[in-house]
Amino acid sequence: MVRLLQRNRRSSSSSSVVVLPLCLAFFFAILLEKSVGVVSAWEYSMDKQETRSTLESIQKYLAKINKPAVLTIESPDGEIIDCVDKWKQPAFDHPLLKDHKLEEMPRGMRTKQEEVMKGYDNNIPSEAGQAWHQNGTRCPKGTVPILRITVEDVLRAGSLEEFMRKPRKAALAALNANVSHNIDDDGPVDLPHEYAVLNSKPGSVLYGASAGINLWNPHIGSEGEMSISQIWIAAGEHHLPSLNTIEAGWLVYPNSYGDFATHLFVYWTADGYGSTGCYNLRCPGFVQVDQNIIVGSILSPPSTISGQQYEAIINIYKDQATGDWVLGYGGNNIKVGFWPASLFTTLKDSATEAQWGGEVTNRRLHNAHTLTEMGSSRFPEEGYGKASYFRQVKVLDSHNQPSIPVNPIPRVDNANCYNIQLNYSDDFMGSHFFYGGPGRNANCP
């Protein structure tokens, strides 16, 4: 809108010499307002067309991704869960999965992967869960629970692309400390992401990775920022479409979920964060199997400083019978779901690297470091009960036997903001590390 400048009233004693220029100015102001008004109306019309087109695209996407529900459950924390026929879930819309077999593992079935957490006291720490079925309502047999996606979810993220996928350059930064010299051909890239992670030895051949990840609810400093704690496995060249990754853990990401809660999430890409892959079940790919743990849903309760500790035990492993990559959760290694091997190229048979740790987005508003916290917000030296941890850090071989990573490589972007400290003990922690920090502080301006 164009505002007309209001002129001060002149007294009747003003001379005609002053009145004439004012009259001319008023005449030209009217012409200017009309001409600008035409432009504004045209721009407004274009905005309306773009908005209508955007909404139509979102509605088309939602009509395809939100499958008909056999039963709908409203979680105590406000989430809407649809119980969908397991054969009609989004994954099977993928052209590579039309004839894929859906093989289930009985809930609580013991597997070799459970050895990853062998020997720890189940009471220290406790396992985090999800609230959506606490009122006793469960999905009927033959269905799987899926978090419903709304128009507001997509609009809040900024675009459909941002809602589904990680930004390519930012995602690649997690895998390469010298990212500014290696991504694209258009010069260095100043990425607003920071990491405190542990990388496996380069050139390894891996069939999975796992750890117990301490669960927290870190503060998010600015709109659009997030805090993640996750496990990655990958294969292929970092800066080429051959890069394939599978990722799982927890995150706090208000722009994506509409709240400040801590969510379980998964992610995958088969072309270096290009046009394939997405978070959770936001595109065809990941197959949901379990009826109790849902990817994308809230994990609770979070740990408290010097209080009860909670964790999410994440196990990504290769099913040697089917060839698929499986997401196991908890001390009983519950099979939450899987990524069919046919989705991948370089990651189809095995992985070449694994990574564990934390990531935050740093927008540097007003040229200051973000206040977004990583982990518990405490630095590693504060230890158990205060600093966040990854414990029983393991990789898996071709027989799904777990072992401690050999010569792992820590990476920290700014130790004054977030840091990492490697440790080993013979108790329930095993091979572990503490990580995280508060973000902006006296030493991290």
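Trainee: Over which ring does the charged end of R282 sit, 3.9 Å from its centre?
Mentor: This is a predicted model, and in it R282 has its charged end over two rings, those of F163 and Y257. For the ring of Y257, the distance to the centre is 5.1 Å. The ring at 3.9 Å from its centre is that of F163.

Trainee: How many aromatic pairs does a search of the whole structure find?
Mentor: Ring pairs link F265, Y267, Y273 and Y279 into a cluster. Y384 and F428 also pair, with ring centres 5.7 Å apart. The search of the whole structure gives 12.

Trainee: Why is the pair of Y384 and F428 edge-to-face?
Mentor: Planes over 60 degrees apart count as edge-to-face. The planes of Y384 and F428 are at 80 degrees, so the pair is edge-to-face.

Trainee: How many residues apart are Y384 and F428, and where do they lie?
Mentor: Y384 is partly exposed at 34% relative accessible area, whereas F428 is buried at 16%. Y384 lies in the loop between β14 (353-361) and β15 (388-396), and F428 in the loop between β18 (419-424) and β19 (431-436). The pair links distant parts of the chain, and the separation is 44 residues.

Trainee: Which side chain of opposite charge is nearest to D319?
Mentor: D319 lies in the loop between β11 (310-318) and β12 (325-329). Leaving aside neighbours within four places in sequence, D319 contacts D324, V326 and K335. A salt bridge needs the nitrogen and oxygen within 4 Å. D319 is buried and has no salt bridge; at 4.4 Å, the nearest side chain of opposite charge is K335.

Trainee: Which backbone nitrogen does the side chain of D319 reach?
Mentor: No salt bridge is found for the buried D319. Its side chain does reach a backbone nitrogen at 3.2 Å, that of T322.

Trainee: What joins the side chains of E359 and H193?
Mentor: E359 is in strand β14. Although buried, E359 has no salt bridge, and K166, the nearest side chain of opposite charge, is 4.5 Å away. Residues touched by E359 include K166, H193, W232 and M374. Between the side chains of E359 and H193 there is a polar contact of 2.7 Å.

Trainee: Is T361 buried or exposed?
Mentor: T361 has its place in strand β14. Among the residues T361 touches, beyond four places in sequence, are P192, H193 and M226. Buried means under 20% relative accessible area. At 7% relative accessibility, T361 is buried.

Trainee: How many residues apart in sequence are T361 and E194?
Mentor: In space, the C-alpha atoms of T361 and E194 are 6.5 Å apart. Along the sequence, the separation is 167 residues.

Trainee: How many salt bridges does the structure hold?
Mentor: One of them joins D93 and K67 at 2.5 Å, N to O. Others are E161 with R165 at 3.0 Å, and R378 with E382 at 2.8 Å. The total in the structure is 8.

Trainee: Which backbone oxygen lies 2.6 Å from a polar atom of the side chain of S204?
Mentor: S204 is in the loop between β5 (193-199) and β6 (208-214). Not counting residues up to four places away, S204 touches A351 and T352. The backbone oxygen at 2.6 Å belongs to K201.

Trainee: What share of the residues in the protein chain is buried?
Mentor: The protein chain has 5 helices and 19 strands. Of its 445 residues, the buried share is 51%.

How values were computed:
Residues numbered from 1 in each chain as written. Predicted model: local features only at pLDDT ≥ 70, side-chain atom pairs only at ≥ 80, totals over all residues. Heavy atoms only, no water. Helix = DSSP H or I, 4+ residues; strand = E, 2+ residues; numbered from the N terminus. Buried < 20%, exposed > 50% of the residue type's maximum accessible area, 1.4 Å probe, protein only. Lys, Arg positive; Asp, Glu negative; His and termini not counted. Polar contact = N/O pair within 3.5 Å; in protein donor to acceptor, adjacent residues only side chain to side chain. Contact = heavy atoms within 4.5 Å. Phe/Tyr/Trp six-rings, centres within 6.5 Å; stacked < 30°, edge-to-face > 60°. Lys NZ or Arg CZ within 6 Å of the ring centre and 35° of its normal.
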